[in-house]
Amino acid sequence: MIGSLLRAILLVAVTAGFFSAGPLRADEKSAAARALLLTGKYEEAVEAYATLAADDPVAAAVGLARAKASSGKREEVAALLATATSEHPKSAALHAESARWAMARGDLAAARKSATTALELDDESLLARWVRAELDRTSGRLDEANGGYKWFVDYYNAHDVKDAESLHLIGLGSAQFARWNRLSDQFHFLVNELYPEVLKIDPAYWPAHYHAGLLYLEKYNQAEAARELKAALVLNPGAAEVHAALARLAVQNFDLEVARQSVERALALDPVNLDAQLARGDILLANFQAAEAIPLFQEACRMHPASEAARGRLAAACAVVDGLPRDLSGTRVGGMIDRATTANPRCGEFFASLAGALDQSRKFPAAARYFRAAIDRMPQLIEPYGELGIVLMRLGDEVEARRQLDQAFAIDPFNVRVNNMLKVLEVLDGYALIETEHFVVKFDRGRDEILARYAARYLEDEVYPDLCRRFQFEPSEKSLFEIFSRARNTSAHGWFSARMVGLPFVHTVGACAGKVVALASPNDMPKKFNWARVLKHEFVHVLNLQQTDFSIPHWFTEALAVGSEGYDRPQTWNDLLAERVPKNQLFNLDTINLGFVRPQSSQDWQMAYCQADLYARYLSETYGENAQAKMLSAYRDNLDTAGALRREFGVARDEFERGYLTYVRKVAAGLTADSAAPAVPLAELERSHRDHPEDQSIAAQLAAAYLARKDYPRARALAEAALRDARSRQMAAYVLARVRLAVGENRAALALLEEHLDRESPDESLLNLLAGLRLKAQRYEEAAALYDLGSRRHPTAGAWRRSLAKVYLAQGNDVKLAEVLAQLAALDADDLPIRKKLAQLALSAGDFATAARWGREALFIDVMDVDVHRLLGEARVGCQDLPQAVEEYEVAVKLDADNASLQLALAEVCLKTDNHNRARQALEKVLELEPGNARAAKILEGLAR
Ligand SMILES: [Zn+2]
């Protein structure tokens, strides 16, 4: 076989040389033409088949049809096959080929007629058998279709099939038979035996890789799918269907840019390729652009009128745009569903496609409804069971989800997402549960019990009343929160991600699909974070999604969630704004959603949150306090953002975007001054200075650059001249002072800095250096005044305040220290040490209520920190809140049982609450740890009396 391949390739070279060699035999010409076809050289294949026409007109016509069809010339294919069949009416191969392409262009009657003729001529025409089975399937004759697929299995068992094309068709037929009859072993056989066998017979036969890739894709085995599809492309870079399949894989992963490129390639090769047209619309659905997807799906339906996949997606896109009322009569979607079910009562594929596209658009309840419809209409299908199970998991219905997933697993044990989801359910089986009036919290009892207790209480007592009032909405059912921790060699985050999508790529720590919130346990994460803030944030999503019937766009609910957290804009966002706004590197309403779902970098991801927050602020500041509520009600009425803006505020989207941009620029303008000017390369500064020796601000910059390289003589020479210019004198003074400091002339340096500091508009470097010198000299009042000047000029930059805190700490000025630390805490929700320090300061000052507040905030970051519980215990005692004090000490001794002073403190509070038994227990523990503890002994003695 290899020999004949080499010969074929050799012949390709010959035919490519304008047939200059001697005349070829017909089988040689045929092999050469086929080699061109299989490597995607379609135009040359057309020429090569044309030369074959005289020798073997049937093979030539079939080859020509395939070469032209591969580049989307469907009309030409139909015409040339019509001519060929009229010339050779007894050729089963030609009729079968006609049937195949008639089916591809949606002319089902013609397809059936040709298939029937072909089978009358040759009952074992595999292609005609395949077409007929497929026609039976798409017209709802499922028993006949099943019989048709089974025929391939029987044929294979009865014959020793040795050609690639026949084996390929057998693969297609037996895969369908295996799916419908739950013969999951067949999948193994196909990818491990049959397709490799095809490639052994004909190593150039790329469809074997392609179909193996599709099987893997169907099972979400993305690595293997990618490997097979890429192998197919190596053999034939011109296979449009392979590019289309790669697009589908990329859409699965939200790699929408990659998907777009693959779609473009596919459509450039074959403009009518159905899968590419579907993927093109799917990309828009994944990007929440259902309205834009509609014309694309309409075009796909027009070109492929028989495709249930195309019509299902079109119906979904219309449903997203128009809304999905309970009663569908009179709606576009209702009409489409009626037409689909009339045309084919067993249109399971229509409903599966509709449901899948709704799922993609985050319309989870509707997706579940239509996956069920798909199963009802066509129980043979395998995907809808698993998909339904996964949607039900998202909706928090774990009991029903398990039932579906078990069924899906029995049907198809190779589906990766189904497998992962079942493992998640097993993990959840071992979890404990806390139920409150409005929440159910599931957690790992061994690891997260303390966290779960505090989380449940925080959700119930604070988050629920606060947010339900703010959003004027209460969910009809309890909301489910699941805290995942490490188990079975999988990280907390791995479980969390599997819980949300069944695959390991969600990159946040919390996520919400509308009714259930999953969270990776903060106790298992490498860096502490404010879990309470995450809970609150996610519960905003729960409310927003439910109150708008899952119609709120991603960016808006993120904006509302961020806005509800109650923290200042973090420094990272300010830095991003300062950097990106001048460069116009901004998201708009079209692109921002992807910034959350599939950001290019963590910076992009941060930027998406930052910009969403600014959109919401801009809305309120421009259209009033209730503007956000108005947007929510417009989304609930199923308007898109443009429609919502028009209805609520009479503003066009473009105009809104322009106003927003102006607003963002204004916000950023206040920030640009904060960030240090970008470093200009030394060579460039030297050139500018040569060109403009009179410009002292350039000279001062160059001096600073020399200073950074410790080239003091040159730095000094330039700076001395620049000192005389008002614009550059602060920077020059800074450079000169640093040069003086370098040689120990501290007094002279100080004098320079003081003389040239402009208190109205201080240079940051100068101010910082002077303040630092004052601090070092323990001249605290002056240092504080200078740092304070800096922090007032740059209120969002934490560095000045941190320096200020250092001064107050050194000075022992606790009042001022607490003040500045509180400002720093507002800037960083995840900073534990600051909050602990604030709690301590308040305790020492006897301000127990404030101590309790900071202690609680510290717990929101680390619920396992013993010191925090101790501080809180003391604070609660001070507030006379004794039951809560007992609780904090109980947690503290749980975390650190061998700490005698904690046990003693616990005993003392227990005494105050008359719980003598517990007090005695704790005192005995103290004496066990410290037999000589006199205080414990004395109290115990008192108790005994
Ligand atoms: Zn969020």
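**Note on the strands of a predicted model**

1. A hairpin of 3 residues connects β1 to β2. Helices and strands here are DSSP runs numbered from the N terminus, with at least four residues (H or I) for a helix and at least two (E) for a strand. This is a predicted model, in which local features need pLDDT of at least 70, side-chain atom pairs count only at pLDDT 80 or more, and totals for chains, interfaces and linings use all residues. Residues are numbered from 1 along each chain as its sequence is written, and side-chain values use heavy atoms, with hydrogens and water left out.

2. Strand β1 covers residues 432-435 and runs antiparallel to β2, with 4 bridges between them. Two strands count as paired if DSSP finds at least two bridges between them. A432 stands opposite F443 in β2.

3. Strand β2 is largely enclosed by the rest of the structure, because 5 of its 5 residues are buried. Buried means under 20% relative accessible area, exposed means over 50%, and partly exposed lies in between (1.4 Å probe, protein chains only). From β2, F439, V441 and F443 point one way, while V440 and K442 point the other way; all are buried.

4. β2 (residues 439-443) and β3 run parallel and are joined by 4 bridges. One of the pairings is F439 with S479 of β3. Together with helix α25 (residues 445-471), these two strands make a left-handed β-α-β unit. A crossover is right-handed if, with the strands pointing away from the viewer, the path from the first strand over the helix to the second runs clockwise.

5. Strand β3 (residues 479-484) is mostly covered, with 6 of its 6 residues buried. On one side are S479, F481 and I483, and on the other L480, E482 and F484. I483 stands opposite L519 in β5.

6. The chain as a whole holds 50 helices and 5 strands. Of its 945 residues, 55% count as buried. The C-alpha trace spans about 105 × 90 × 60 Å along its principal axes.
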